[in-house]
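Welcome! Please take a look at the structure below, and then we will walk through a few of its parts together.

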Amino acid sequence: MTEPLGLSIGMTNLVAARVGRPPVTRRSILTVYPDRAPEVGIPTGATPPGLVLSGFVDRVGDPVPLVAADGSAHRGEVVLAEALAAMARLVDGGSPVAIAVPAHWGPGTLGALRGALRSRPILAPDGVPAALIPDASAALAASGDVRTCCSR
């Protein structure tokens with residue numbers, strides 16, 4: 001794992017990207033199974049069916065947990081961390097890890113996500129925590145020279 005891994009958090013989609021590969025995009029939905037690793041994206045009708053969780057991106061840092069169809073409670077940041085780990089597995093991980101987060105997230109929301117990410121080794125290879133970058137800053141960096149893109 002020597003190639004960097006970039007992840008992007010969106011209300012609708014999660015994205016994983018590595019250099020030289022096409023990005024992988026999945027819906028911001030996590031399906032948890034009793035007998036295997038969780039999967040991210042729209043469920044495909046697996047047997048046995050899993051527990052489908054959605055709406056977790058806007059619940060990161062919220063003290064009120066999500067309540068699943070089976071009545072179980074789930075913290076938004078924990079579900080998001082598991083979804084990001086599933087995305088990382090889809091592209092075979094990478095190092096270092098950078099995560100584009102919604103630019104409007106404040107310190108409390110970012111702190112909640114950082115805490116949840118600590119328990120996911122694939123998102124902190126060699127003990128180095130993922131960098132959390134506002135998505136607006138990530139977009140500007142991806143566009144190349146900021147002075148060139150913004151002076152037109």
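## Across the strands

S8 stands opposite A100 in β9. Strands here are DSSP runs of E with at least two residues, helices are runs of H or I with at least four, and both are numbered from the N terminus. The model is predicted, so local features need pLDDT of at least 70 and side-chain atom pairs count only at pLDDT 80 or more, while totals for chains, interfaces and linings use all residues. Residues are numbered from 1 along each chain as its sequence is written, and side-chain values use heavy atoms, leaving out hydrogens and water.

Strand β1 (residues 5-9) runs parallel to β9 (residues 97-101), and four bridges join them. On to β10: four bridges link β9 with this strand, again in parallel, and A100 stands opposite I133 there.

## The whole sheet

These strands belong to an open sheet of five, in the order β3-β2-β1-β9-β10, with mixed pairing (strands pair if DSSP finds at least two bridges between them). Because β3 (24-27) and β10 (131-134) stand at the edges with a single partner strand each, one side of each has no neighbour in the sheet.

## A buried threonine

Is T31 buried or exposed? T31, in strand β4 (residues 29-32), is buried, with a relative accessible area of 2% (buried means under 20%, exposed over 50%, partly exposed in between, using a 1.4 Å probe and protein chains only). Leaving aside neighbours within four places in sequence, T31 is in contact with residues including P38, E39 and L51 (contact means heavy atoms within 4.5 Å).
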